[in-house]
Structure formats: C-alpha cells, structure tokens
Amino acid sequence: MADAKLYTNTPDIYKRYVKHTTQKQVLVEKIEQALLERFDFGLQKEFTFVDVGAGEGLVTIPIIQFLESKTNVLTSIIEPSPMIENFNSYRFNHLTLIQKPIEEVSIPQADFILCSHVVPYLNDSQNVVASMVSALKSGGMGLIVVTNNESDDAWLKKTLVDLSDAGMSTDIIIEYFKNLEIQYRIETVESSINVRACFDQGDDGQAIFLFMFKKPMSSLSPEELERFLKAMKGRANRNGELTKREDYIWFYH
Ligand SMILES: C[S@@+](CC[C@H](N)C(=O)[O-])C[C@H]1O[C@@H](n2cnc3c(N)ncnc32)[C@H](O)[C@@H]1O
C-alpha cells in the first residue's frame, strides 16, 4: 500500500511537485468535458458531487466552480487530513466537509463521484469501490484515477527503485467491477512532468524526486544520484519533459 503521509505531512512539497506537471489541469478539462456529455444541466435542477480523498482541492475546486456555473450543486468532500481546511477559504453554496477516512463514511447518493489517486492508499479498496458504485444515483457517473504502469515516471521507478509499494493497478479495480456487474470504460490519458528542476538539485528538484521515487535526493549516494539523473535525462524529451499516463476508470449507473 502506498503511503499517504507524503501528501499530508509535506503539503508544500506536494504543491511544488504538482506545479511541474500538467496532470491536474488535464484531469479537470477531461472531467468538464465528460460532465457536459453525460448530463443535461438545463434540465437538472440539482446536482450532487462527492470527492473521495480530495486533498486540498486542486481538482475539486475548479470542478465545483464549473458545476456552480451550470446548476445548483451540492458537494461532499471526504478527506481525512487537515488539508480539507483549504475548502473553508472558498464560498461555495452547499458544501459538506467530512474529515474522515472513506472507510468510516457512508457515501451520500451522488450524480458524480470522483476518486483521484486515492485507491492505492486504502486498506480495503474493494469495499470502498463497491460503496462508491452503490452510491451512484440512476444516470450517475463515477471516475477513479490511477497511475498507468507505462507512465515514464512509473517506468523510472520500476527501473531504479524497489517498488514493493507499487501503486494499485487498473487490472485489480477492473476485477472489482466485474464482480459488481457495472458498466465501465477505461481511458488512458497523457500529461507531462517537466523534470529539469531535478538536474539543478534545488528545492523543486528535491520535491519532484521525493514524489517520483518516494526518496529525497539527499538520501542517495553521489553514484546513485548520478544514475537516477542519467536515466531521467535519457527518458526525457528535448524540453526536459517526461510523459505521465493515467488510467481514468469511468463507471456508470
Ligand atoms: C495523491 S492525493 C490525491 C488528492 C486529489 N484527489 C488529487 O487528485 O489531486 C491522495 C489523497 O488521499 C487521501 N487519503 C488517504 N487515505 C484516505 C482514506 N482512507 N480515505 C479518504 N482519503 C484518503 C490523502 O489524505 C490525500 O489527500
């Protein structure tokens, strides 16, 4: 199981890491597009949105803003860490903040349920996935996002570090869906991470490193560090970017 403490104990480092990727921006755009395709907001008087493991809301906040521009939206945020307090600085109309792990929450019935990069942190992911599925309203849509193992950063990790805590693979989640007989669709989506900051080994480089390899640069010997950077440079394009790939697992009621 992956370690969620990286995100909760070091939110500043997480922010520095995220700013070098297009990952969240791409996700927000994809969700907006899917919402427009699935729902007729002209007819829908009320819309219920649940985000499981929202973090500080890098994805959630733009999605609530988008939904509020279309309809009357009721949002529930489930996030066990103090990062949830970030939502208090926004004046959303109907917002319920639930600072608990998802395993302790009865998920409200929802039109859209988002669970982005959270499943690998769960103790009983199968039960949580089943609860999300049964919380979907008729006509509703859910989205689970996980890292695709062919992502450049996943490739680097596999090549260079012992990945005993490797992420939850898409195949496992699909197995859960098969038992639930739910309609689902998998979309592999590319974004990028600019790893140039790693080469100067400053603060941002440290942050990228910590998130990609779950190790700070300072924990490596000079030889190990050189090996990591060489592999990274070999994989990056001319602009210093690696390709990230995520699997979007859409499910429908
Ligand atoms: C990688 S972050 C993802 C944040 C956000 N969903 C995103 O995509 O930007 C993982 C989040 O899962 C949360 N988390 C970890 N264990 C959880 C649990 N048992 N229930 C709900 N959220 C959990 C962490 O606190 C953290 O905010």
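Figure 1. The structure is a predicted model: local features need pLDDT of at least 70, side-chain atom pairs count only at pLDDT 80 or more, and totals for chains, interfaces and linings use all residues. Residue numbers start from 1 along each chain as its sequence is written. Ser 138 sits in strand E5. Strands (E, at least two residues) and helices (H or I, at least four) are DSSP runs, numbered from the N terminus. Gln 109 is 29 residues from Ser 138 in sequence, and their C-alpha atoms are 9.5 Å apart in space.

**Figure 2. Seven strands form an open sheet with mixed pairing.** The order is E3-E2-E1-E4-E5-E7-E6. Strand E3 (94-98) and strand E6 (183-194) are the edges, and each pairs on one side only. On average, neighbouring strands are turned by 15 degrees against each other, direction ignored. Two strands pair if DSSP finds at least two bridges between them. Such pairing uses backbone hydrogen bonds and is either parallel or antiparallel.

**Figure 3. Strand E4 (residues 110-116) pairs with E5 and with E1.** E4 and strand E5 (residues 136-147) run parallel and share six bridges. Here Ile 113 stands opposite Gly 142 in E5. E1 is also parallel to E4, joined by three bridges. In that pair, Ile 113 of E4 is the bridge partner of Val 50.

**Figure 4. Strand E1 is largely enclosed by the rest of the structure, because five of its seven residues are buried.** E1 runs parallel to E2, and seven bridges join them. Phe 47 stands opposite Val 73 in E2. The chain passes from E1 through H4 to E2 in a right-handed β-α-β crossover. Right-handed means that, with the strands pointing away from the viewer, the path from the first strand over the helix to the second runs clockwise.

**Figure 5. Helix H4 (residues 60-68) has four buried residues: Thr 60, Ile 63, Ile 64 and Leu 67.** They lie on the same side of H4, because they cover an arc of only 100 degrees around the axis. The arc is that of the directions from the helix axis to the C-beta atoms. What do the buried residues of H4 pack against? They pack against helix H3 (23-38), strand E1 (46-52) and strand E2 (72-78). Residues are in contact if their C-beta atoms, placed from the backbone, lie within 7 Å.

**Figure 6. Helix H6 (residues 152-160) packs on helix H10 (residues 222-235).** The angle is about 145 degrees, and the axes are 11 Å apart. Axes are lines fitted to C-alpha atoms, for helices over the stretch in contact; angles run from 0 to 180 degrees between N-to-C directions. From H6, Asp 152, Leu 156, Thr 159 and Leu 160 meet Phe 228, Ala 231, Met 232 and Arg 235 in H10.

**Figure 7. Asp 153 of helix H6 is buried, because it has 21 C-beta neighbours inside 10 Å.** Leaving out residues up to four places away in sequence, Asp 153 touches Ile 193, Met 212, Leu 242 and Lys 244. Glu 190 is 37 residues from Asp 153 in sequence, and 12 Å away in space, C-alpha to C-alpha.

How values were computed:
A residue is buried if 20 or more other C-beta atoms lie within 10 Å of its own, exposed if 12 or fewer, and partly exposed in between; C-beta atoms are placed from the backbone. Two residues are in contact if their C-beta atoms, placed from the backbone, lie within 7 Å.
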